[in-house]
Amino acid sequence: MSTATSSPTTRPLPLTEGSFLQRVVRGAVTPGGAVFILLAVLFVAVVAVNPSFGEPPQLIRFIGRTAPIVIAAMGQYYVIVSGEFDLSMGAVIATQVVIAGNYIGEDESRVLPAIGLMLLIGVVVGLVNGLGTTLLKVPSFIVTLGTMLALGGLVRFLTGGAATGNPVDTFREIGRGGIQDVPVLEVLPYSVIILVAVAAGSVWLMRSPFGRTLIAAGDNPDAATLAGAHVWWIKTRAFILSSLSATVAGILLVGYAGVHPSVGAGYEFQAITAVVLGGVVLGGGRGWVLSAAAGALALELLFSFLNFQEVESTWRNSVQGLIIILAVAVAARAWSLGRRPSSRPAPPAPPSTPARPGTETGDN
Amino acid sequence: MRHKIHRAPMAVASALLLGVFATSCSTEDPTGSTTGTDESSETSESPDASESPAEEQEWFDQELYDTQFEQRSATFEGDPEEPYLQYIDGEMTDTAEYKANGPMKACFANASISNPWRQTGWITMNQQLKDLQDQGVISEMETRDAGDDDNTQIADIDYFISEGNCDAFIISPNSTAAMTDAVERACETGKPVVVFDRGVQTDCATTFIHPIGGFAWGIDTAEFLIDNLEEGDKVVALRILPGVDVLEQRWAAAEKLFEENGIEAVDYFTGADPTEIKKIITDELGKGEVQGVWMDAGDGAVAAIEAFEDFGADYPVMTGEDEMSFLRKWEETGLTGLAPVYSNFQWRTPLLALQKIFAGEEVPKEWVLPQTPITEDERADYLEANDGMPDGHYAKFGGENLPGYPEVWQERQIP
Amino acid sequence: MSATAARTPGTPESPRTPSTPDGPGATEPKESARRRRAARPKGARRLDSTALIYLVLVGVVVVSVVLTGIEGRNFFSQGNIWAILTAMSVLGLIAIGQTLVILVGSLDLSVPYVVSLSTLIAAGGMKGLDANVPAAVFNTLVVAAVIGLAMGVLVSVFDVHGFIASLGVGLIVSGYLATNYQGSHGAAAPDLRLMGRSGIASIIPTAFLLLLVAAALVTLVLRYTRLGHHLYAIGGNRDVARMSGVRTALPVISAHVMCSVLVAIAGLLLLSRTGVGSPTIGSQGRYDLLSIAAVVLGGTLLAGGKGSVIGTMGGVAIFAVLDNVMGVMQVNPFLKDFVRGLVIVLAVAVYARRSVVRRPPRFGGTRPVLPGAIAGSTQKGEGA
């Protein structure tokens, strides 16, 4: 498999040449970089509205509570960058939450077996999604929509709609507790540690042959296949990673919020929105995993900003919709820098001459 | 040259389309379509804004408010041990014409079982059904679940009318106005129609069963918070979703009372998602102190309390619901609280009403069931009585004397 | 009784081949097939997947007939057929709109909110009076068209992916709905309500006729107009279409406008049944995901460029029959979702693989073709 990726282009892409500073500046104009600017702007805005938000203890709590959606977004990233969708995330989270509530219950000795069981279920769901998409050739939107309906329905059918109750507190500590008496931060939530670990793992994974092949498979599956990559297995692994991320998010959410049938509802759309906000292209082949994470953080910051601003509750959806569209529209403009360099016969255009928007051509 | 080929089928199809409209809306006036074009240049936001005044108090109905205010202290007929059979004295429907010999078939058009409250009630209703089947009153109950969709429920009722062979209809409307026509069609069959929970805008039903109502809930909860808070204190109101009348009425009453008594209230829609609730409370605490929490349904109350714990803030004065999770957390934390009740035992009443109807006994035209909040003093009794029930169970479910108690509720067996 | 049974296998053919009325039936003469290929180059390949979809539908119907019979009911009874066709109407209209949008490579997630908004505008405008019907209907369609226009412009001019553009616009509309409408609003005109209940011989509702007309119209547009051909071209590959001299913006915008207008008509149908405008009626029906599922179930490629309205109708019918039989059997509501999920995946699996492998190469077949590679390429959304 590594042989498939060991034939890099001889000409470096614009993002990989020049000094570090130049690269950072150029990177910031791509959608994947612009999200960090958006993040900074939102952060400044929130702090301006509510200065105490900028204090380390509050900030670290905020990061802790956004960990589930950030992890979910990174999971969704694998699937999207490979050119697919995963709509089953919310249902996977709901399933894991119910398992935590009903299987662990008040029995502390079951915590570890339960985590094992949850991870196993995550792998199985991911495998079903992946194989359904790659071997059965059913579009992933449909496979994962199917898993979403089937899994959600089955779990509620088996449990009578709701789990028995919250699992034992030691299990919930994972999502709710943290290391106390940390200097500056006061408390370091476990969820932040898990988040950092997942993020580091993701970066490493995307730099590994698997990550390179994944992007190649998303960009052009034909080419990836011709180059010798097992696209079906690459994509299936992306789905497994997505389900596992949902599982981790589920474990954190049980801790954070407790057991409830609506935990995880809508997570798939939140995660997809976050990933797209992070400049990752739907359809695959483009985007950075940490941009997806930043997209999720930006989205959560936006919600908090709306809360702090006391925007009338009924208008919040509208503001959210507007900002998503604006962010993505601006990002789409910024694509002119790194857009489809591979499809051009000539070397990639320098940043000073952005490609013209598609609508101006095609005159007949 | 191609264009000519294209037009013929288009013209045929357009004629077809016009034909369909002509047969269905015979009085449609084509000249009228030239009016009202002024909106075409506007964005999607502006049209119709003039026609729908964005009044905050659209849900507030002073007359209904006053009625429910009175009903809170009304005397209920019947045995307090059987609250699901109690009612406020009023107009009765004579049902002698429905008197039946032998078991009859009931058809139940349910809005949904998509939340713990409806699930608990649905379990109770099924056990009540078993009881009545054993007694030979009801032969079977055919149920269609609309999955929270008005359109589906209309189709369900129509299906019952044409295909169901029903001897009686039980309808738990998904929404008030939209279901009115369908309920009227059910009434036109001449069979008894029992409506419960949310109402409809027609009084053709044999009986309409409901607890006192949303305004009563709002009054009970807001008065409790006002009594236990001081002027200028802040209350976070956690609401599930907009546009559902039973929920909107709760907030309409509470909001009015908060305003009148100088309580600062901010409201949020949470979708009953505990994650959302916890975030909202945390953000509110980050902004400043919060003295009270008001909920339009107790679902997710625990998350709200936990948000205070995790933030290290003092517990708020709080109103939840008679859901076990809230009662347990309430006892554990010892906060000042109240558990308002939207009487879950009403799910028994429709079938019991049919029993009366098929026996030819008169039933109240509007069957108002008691709706009394659980106070701190009563809490221990309800916790004891419902020991072993899951968190999503409702304390006032009223099924203690039904077959299958308590296992069926403990295991949440949903048919 | 046998009306649907007889029509079911016939439907894929009859509206699809208006130029060759003598070629119905499964065993079609090669002559007409060739002629159709000449009319629209992609026609021949669609036959396979569309026929398969209707085979799946027939299978679902057969199973349903048996299961309904076990329950002691008649699947083909007047009331049951009416119920199924009614259930098809609203989702069908939305799914036709969704087909257009998906064909061109976009997506419409704003559907539920546009449905709700159109019931509110129409009901608010009618105020229960017949005289107000034309103006109210006109306003509703115009507002929907403007929303569609906004999404189309976002997708085509501003290069925002359809997923985000429609999600964002949907959220904006939902905020507007929640702020301005608390609960039901306005009243449908008596004539409209009458239409909601009217039909032919108590078997075919008027709403379903409307659906058939819309399906026929859109099929004609797709097959016989330049716009239709451009929709396929852009959905297949936007860059190639542009380089081939297609103005890509206009077809994308048109698809979104047509979709939103069709969605608004679906809203009017809902209004004719409920009698009042409702800010939540669209979300209640889960029309966004269900319409997309129906479109894909109908053999349309989610990435765009391939598909048909006839197939979509088959997908909608499969859903309607499935829901109907589960209702008759009183399946646990939670289990219903389980079955729906399973059927969606299995039904698509039946024909997804086959139709994809048979897909001919885009340019004359000179390019070396690996089945695996082509199959893989169809999985990929040609993003903006």
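Trainee: In this predicted model, in which loop of chain C is D159(C) found?

Mentor: The model is a predicted one, and within it the phi of D159(C) is near 60°, a positive value in a residue other than glycine. With a relative accessible area of 16%, which is under the 20% cut-off, D159(C) is buried. As for its place, D159(C) is found in the loop between α6 (133–156) and α7 (162–180) of chain C.

Trainee: Is R286(C) buried, partly exposed or exposed?

Mentor: R286(C) has its place in the loop between α13 (281–284) and α14 (287–297) of chain C, and its phi is near 50°, a positive value in a residue other than glycine. Most residues other than glycine have a negative phi. The relative accessibility of R286(C) is 36%, which falls between the cut-offs of 20% and 50%, so R286(C) counts as partly exposed.

Trainee: Which residue just after α5(C) takes a positive phi?

Mentor: Helix α5 (residues 111–126) of chain C has 16 residues and reaches 22 Å from its first C-alpha to its last, close to the 22 Å expected at 1.5 Å a residue. That helix is mostly covered, with 15 of its 16 residues buried. Just after α5(C), a positive phi of about 50° is taken by K127(C).

Trainee: How many residues of α9(C) are buried?

Mentor: Helix α9 of chain C covers residues 206–224, and its 19 residues should span 27 Å at 1.5 Å a residue, which agrees with the 27 Å between its end C-alpha atoms. Helix α9(C) is largely enclosed by the rest of the structure, because the buried residues number 16 of the 19.

Trainee: How many residues apart in sequence are the parts that the salt bridge of E84(A) and K235(A) ties together?

Mentor: The side chains of E84(A) and K235(A) meet in a salt bridge, at 2.8 Å from N to O. E84(A) lies in the loop between α4 (56–81) and α5 (89–104) of chain A, whereas K235(A) lies in helix α12 (residues 231–257) of chain A, so the pair ties together parts that are 151 residues apart in sequence. At 2% relative accessibility E84(A) counts as buried, and K235(A) is buried too, with a relative accessible area of 3%. The separation asked for is therefore 151 residues.

Trainee: Which helices hold the two residues of the salt bridge between E306(B) and R172(A)?

Mentor: The side chains of E306(B) and R172(A) meet at 2.6 Å, N to O, and both E306(B) and R172(A) are buried. The pair joins two chains, because its residues lie in helix α9 (residues 301–311) of chain B for E306(B) and, for R172(A), in helix α8 (residues 169–176) of chain A.

Trainee: Which helix gives the largest share of the nonpolar patch?

Mentor: A nonpolar surface patch of about 410 Å² is made by Y103(A), L117(A), L120(A), V124(A) and V128(A). V124(A) is partly exposed, with a relative accessible area of 43%, and its place is in helix α6 of chain A. The largest share of the patch, four residues, comes from helix α6 (residues 111–134) of chain A.

Trainee: Which residues of chain B does a cis peptide bond join?

Mentor: Most peptide bonds are trans. The loop between α12 and α13 of chain B holds P406(B), and here a cis peptide bond, with omega of about 0°, joins Y405(B) and P406(B).

Terms used:
Residues numbered from 1 in each chain as written. Chains lettered and ligands numbered in written order. Predicted model: local features only at pLDDT ≥ 70, side-chain atom pairs only at ≥ 80, totals over all residues. Heavy atoms only, no water. Expected span 1.5 Å × (residues − 1). Buried < 20%, exposed > 50% of the residue type's maximum accessible area, 1.4 Å probe, protein only. Salt bridge = Lys/Arg side-chain N within 4 Å of Asp/Glu carboxyl O. Patch = residues over 30% accessible without salt bridge, like charges linked within 9 Å, V, L, I, M, F, W, Y side chains within 5 Å. Areas by Shrake-Rupley, 256 points an atom, 1.4 Å probe, with all protein chains shown as cover.
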